[in-house]
Each structure stands twice: as structure tokens, then as C-alpha cells.
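Please open the structure in your viewer and keep the selection tool at hand.

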Amino acid sequence: TSIRSLVQYIQKIKQIYKKDGKTFNGSNIGLLLDEKKTMNILESNYKNSKDYLWAIINVLRSFPTTEEDVKYYSDKMGDSLKKSKTEIRDNMKNEKQKDNWINYNKIVELYKKNKEKLNDNDRLLMQFVIQFPRRLDWRLMKLHKSSGKKNPNFNYLNINRFGMPSSFQFFRSKSQDYEETTKKIPNKLKNNIMTYVRENQIKNNQLLFPNKSGAIHTPDSFSKHITKLFEKITGKSINNNLYRHIVATNLSDKGYSMNQREKVANDMGHGLLKNLEYVKR
């Protein structure tokens, strides 16, 4: 978890440097030490800069004689957190969300009970959505079998040379500002993926979840499709965004540790602080 977090921090530092026309190589922290310039970059480019501040703090802690700089960014972080705590406290469900809200465990229970109402394609999609509640990243998911070039305008389900699913590779993820990231596939999903790929004869570089005509869903049509699938298994109009709020709220209600929450937040395609903001009251 610590290594995964460090990689996420470095990716965010790289994005900051990119905004300034520079490249972060792991040791050139000069930009970060220019606090006013760095804050100007954050305020000019990111509506929510808390995850970037947290990345800066953790990276600078790895270097000697940066205590004053860490304190500066920590104070900025503290100001943002005070604002966030107020927003979270006041982050109440609207009427539509109240009408369609189901707790996380109940959704999992209903999926297991009603999954046979879905066809093979939609059943696998809902397994992915429930396990990894990302935004609309599954819309661009293709199959990749061990060799050949990848198109960075898509995401990939990687199959190794032994025919086993190995990882999800995300190139096009709004949640991550389109920074490449790879997620290991849980063992409990591997057999289902293998069965689906084999029985449906999914070919290399083929979309996993196309629309009815076999083409790529638009973001709107894919979002509506997920909502319809949730309706089939729960009877409620739960869209992808509401489900992400449900997952984050469950972590808060169950008292998960910050490390556990950070892991789930990464699976959702955003940072720990953003996950905290997703909690609904």
C-alpha cells in the first residue's frame, strides 16, 4: 500500500511540473521549494488541490532540510481540510439521492441474488463496476492478449501468455487526469473473466462492453446503461455517481482506517481526500 501510494504521489508531482513546462525526475525539487509559484500553479489549474498538496508533503518529507517547506504546505493543507470538513458535514443527500439510496452491503447482496437477470456481458460489467467503482472507464476497455501495440486512447484488460487475466490498465481515466495506472485483477474475478472471454470468443483488441451495434458507447449512453443495470438488480435508479457516493459513505460508516480508505480510493480512481468528500449524510 505504501509503495502504491508513493507512485500516486510522484504521478501528481509530475503533473505539477508538466504544467510549468518541466519534467520531474525524482530529485529536482526546486519547483516545490518555490512555494508561491507552486501554489499559483495549483490554484490556476486544479479546482481541488488537496490531493496535490498531500503529494507534495509526502515527497518533500523524503528530502533533508525541507522541514519549513513541509510546514508551509501542511498549513495550506490544514486550511483546505477545515473547509472540507465543513463541506462534508453539510454534504447532505438531495431528495433524489434519498429516494434511491441503498447501503453498499445491500447492493452486493441484491447483485448476488439477481445477477441471473443480466446477460453475460452485463453481469461481468456489473462485477467490474461493483468491485472497482470508477467513473466511466469501463466504456473504453479492450482485451489485450500478451503482445501487440496498445492504443493510449483506450483502457485494457491484460491477458498474459498463459491465458490468465493479469491486470487492468487505464490510459483514459478522467479521475486520474489521464495518467496511466495499472490495477491487479482480484483472484475472485479471474475465473469469471476467463469464462466470459472463452465462451464469447472475445478477440484481441476487441471492446469488452460495446453498445448494441458493437460500437463504443457515448459517455451518456454508457452512464444510462449502468443505471438500467442497477435498476434491474436493485429496483432503484442508482447511477454511477450515486454508487460512488454509496461506496465512500460505507467506508466512513464502517470506520475503515485511512490506509484502507486510501486503497479503495485508488481503486475508484481518485485520492483519499476526494474520497472523504464523497461521503453523504
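The stops below concern a predicted model.

**Stop 1: helix H3**

Begin by selecting helix H3, residues 35-45. Its buried residues are Glu 35, Thr 38, Met 39, Ile 41 and Leu 42. Because these residues cover an arc of only 155° around the axis, they sit on the same side of H3. Turn to the face directed away from that buried side, where the exposed residues Lys 36, Glu 43 and Ser 44 are carried.

Remain on H3 and select Asn 45, which also belongs to this helix. Its relative accessibility is 38%, so Asn 45 counts as partly exposed.

**Stop 2: Leu 32 in helix H2**

Next, select Leu 32 in helix H2, residues 30-33. Is Leu 32 buried or exposed? Leu 32 is buried, since its relative accessible area is 0%. Leaving aside residues up to four places away in sequence, display the residues that Leu 32 touches: Ile 13, Tyr 17, Thr 38, Ile 56, Val 59, Leu 60 and Tyr 73. One of these, Thr 38, is among the buried residues of H3. For a distance check, take Asp 75, which is 43 residues from Leu 32 in sequence and 15 Å away in space, C-alpha to C-alpha.

**Stop 3: the largest nonpolar core**

Now select Phe 128, Trp 138, Leu 157, Phe 168, Ile 193, Leu 208 and Phe 230, the residues with the most contacts inside the largest nonpolar core, which has 39 residues. At least two core residues are supplied by each of H7, helix H8 (120-131), strand E1 (141-145), strand E2 (155-159), strand E3 (165-170), helix H9 (187-199), H10 and helix H11 (240-253). Which element gives the most to this core? H8 does, with 6 residues.

Centre the view on Leu 208. With residues up to four places away in sequence not counted, Leu 208 touches Asn 121, Phe 128, Met 141, Lys 142, Leu 143, Leu 157, Tyr 196 and Ile 202. A second, separate core has 23 residues, including Ile 13, Ile 41, Tyr 46 and Tyr 73.

**Stop 4: helices H7 and H10**

Select helix H7 (residues 104-114) together with helix H10 (residues 219-234); they pack at an angle of about 80°, with their axes 8 Å apart. H7 is therefore roughly perpendicular to H10. On the H7 side the contact uses Ile 107, Leu 110, Tyr 111 and Asn 114, and on the H10 side Phe 230, Lys 232, Ile 233 and Thr 234. By type, the contact residues comprise 5 nonpolar, 2 polar and 1 charged.

**Stop 5: helices H11 and H12**

Finally, select H11 and helix H12 (residues 258-268), whose axes are 11 Å apart at an angle of about 175°. The two helices are therefore roughly antiparallel to each other. Arg 244, Val 247, Ala 248, Leu 251 and Ser 252 of H11 make the contact with Arg 261, Val 264 and Met 268 of H12. These residues divide into 5 nonpolar, 1 polar and 2 charged.

Note on methods: Residues numbered from 1 in each chain as written. Predicted model: local features only at pLDDT ≥ 70, side-chain atom pairs only at ≥ 80, totals over all residues. Heavy atoms only, no water. Axes fitted to C-alpha atoms, helices over the stretch in contact; angles between N-to-C directions. Helix = DSSP H or I, 4+ residues; strand = E, 2+ residues; numbered from the N terminus. Parallel < 35°, antiparallel > 145°, perpendicular 65-115°, else oblique. Contact = heavy atoms within 4.5 Å. Nonpolar A, V, L, I, M, F, W, Y, C, P; charged D, E, K, R; others polar. Core = buried A, V, L, I, M, F, W, Y, C linked by side-chain atoms within 4.5 Å. Buried < 20%, exposed > 50% of the residue type's maximum accessible area, 1.4 Å probe, protein only. Arc of directions from axis to C-beta.
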